[in-house]
Amino acid sequence: MKATQAQLTAALDRGGGDVRLFLLHGPDESGAMAFAARLARGVGEGAERVDIDPATLRSDPARLADEAASLSLFGERRFIRVAGAGEESGDAVEALLAAASAGNPVVMVAPTVKATGRVVKLALAHTRAMSFACYPPEGNNAESLVNTLAREQGLRLGAGLAARIVRASDGDRAIMTSEVEKLALYLDAGVEHPRDASASDLAEIGAEIDEGEISPIVEAVIAGDAPALIAALRPMEGSDASPIPWLRALARRLASLAEMRAAVDAGEGAGQVVKRFRVFWREEGTTIAALQRWNVARLTRALEIVRATEREVMARGAAGRTIADQRLLMLTRR
């Protein structure tokens, strides 16, 4: 069935209920992972999570149904998570939904499948499956989402606070959720005992990352300046700030440079290109230097690495920060 967000969150919060499959598709992979984490909380603390990769499902389609029907070795509840799924998981989904029984819920994050694809159609056609399209929240929708998350945690956000959380997280649903949860924990808030949250409270948990802190990281990678990158990352040490905002800022910069370099390769002068792309005049020199240093193939490959790193950061939790720093340093030294 096609689920609304209210239906989805209600089912996730009760640990799945009679839903066998939660299919989370669409481009907002971070948001989908946040919903998957919600299922983990709904199933209960200490529940066993079984991760299955799409390659395994392609070679062994029956594995998903088998795991969904299996009991935990320790007698606790369990759930199955599949991240990065695509159409290759279609046979596994069909087997799961056709199985005689499946006591453990499955959450499948499938950012590349199309709404008209087989996997989505299978989920839409089954009464014990929920299909939900995840899209990155933007503008007022993002602020509305933060306020909704806050109400669920018993928080009353002060004026402008939702917008600050959106900026600090670069619109990433998982990070916004995390920041709201940290704020609620800091203030000992809950639905039964709501609390007011202020800008100073947000500052205390270190939620906000200034754009001025992100820009040096991005420019150090683009310039191939490893000492500058290390210096830019040093203020982040000891902070629980997620690397997602600066990974996304770097991805945007690489994509923009790739487009500009393609124009240069087509015969347009670098000076003309930076003017046409409305590069800020103070950044024209560094942008032209970057266009001389990078070619389209290298920019494309770097962009692939950054996006893969973002996915890995979301999957690895606390360890993701170290992974992000290592990948950035690798790109810089290249």
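A salt bridge here is a side-chain nitrogen of Lys or Arg within 4 Å of a carboxyl oxygen of Asp or Glu. By this rule the model holds 19 salt bridges, and one of them joins the side chains of R41 and E181 at 3.5 Å, N to O. The model is predicted: local features need pLDDT of at least 70, side-chain atom pairs count only at pLDDT 80 or more, and totals for chains, interfaces and linings use all residues. Residues are numbered from 1 along each chain as its sequence is written, and side-chain values use heavy atoms, with hydrogens and water left out.

**Salt bridges**

- Helices (H or I, at least four residues) and strands (E, at least two) are DSSP runs, numbered from the N terminus.
- R41 is partly exposed at 49% relative accessibility, and E181 is partly exposed at 27%. Buried means under 20% relative accessible area, exposed over 50%, and partly exposed in between (1.4 Å probe, protein chains only).
- R78 and E67 form a salt bridge through their side chains at 3.2 Å, N to O. This pair links distant parts of the chain, with R78 in strand 3 (residues 78-82) and E67 in helix 4 (residues 63-69), eleven residues apart. Both R78 and E67 are buried.
- Within helix 13 (residues 244-265), D265 and R261 sit four residues apart, about one turn of the helix. Salt bridges that share partners join E48, R63, E67 and R78 into one network.
- The side chains of D265 and R261 meet in a salt bridge of 2.8 Å, N to O. D265 is partly exposed at 48% relative accessibility, whereas R261 is buried at 17%.

**The loop residue N104**

- N104 is found in the loop between helix 5 (90-98) and strand 4 (106-110). With 10% relative accessibility, N104 counts as buried.
- A polar atom of the N104 side chain lies 2.6 Å from the backbone oxygen of S70. A polar contact is a pair of N or O atoms within 3.5 Å; within protein, one must be able to donate a hydrogen and the other to accept it, and residues adjacent in sequence count only if both atoms are side-chain atoms.
- Leaving aside neighbours within four places in sequence, N104 is in contact (heavy atoms within 4.5 Å) with R20, E67, A68, A69, S70, R78 and I80.

**The sheet and helices across it**

- Five strands make up an open sheet with parallel pairing, in the order 2-3-4-1-5. Strand 2 (48-51) and strand 5 (129-133) are at the edges, each with a single partner strand, so one side of each has no neighbour in the sheet. From one strand to the next, the twist averages 15°.
- Two strands pair if DSSP finds at least two bridges between them. Strand 1 (residues 21-25) runs parallel to strand 4 and is joined to strand 4 by five bridges. L23 stands opposite M108 in strand 4.
- Helix 1 (residues 5-13) lies across strand 1 and strand 5, at about 130° to strand 5. Helix 6 (residues 118-125) also lies across strand 1 and strand 5, at about 140° to strand 1. Axes are lines fitted to C-alpha atoms, for helices over the stretch in contact, and angles run from 0 to 180 degrees between N-to-C directions.
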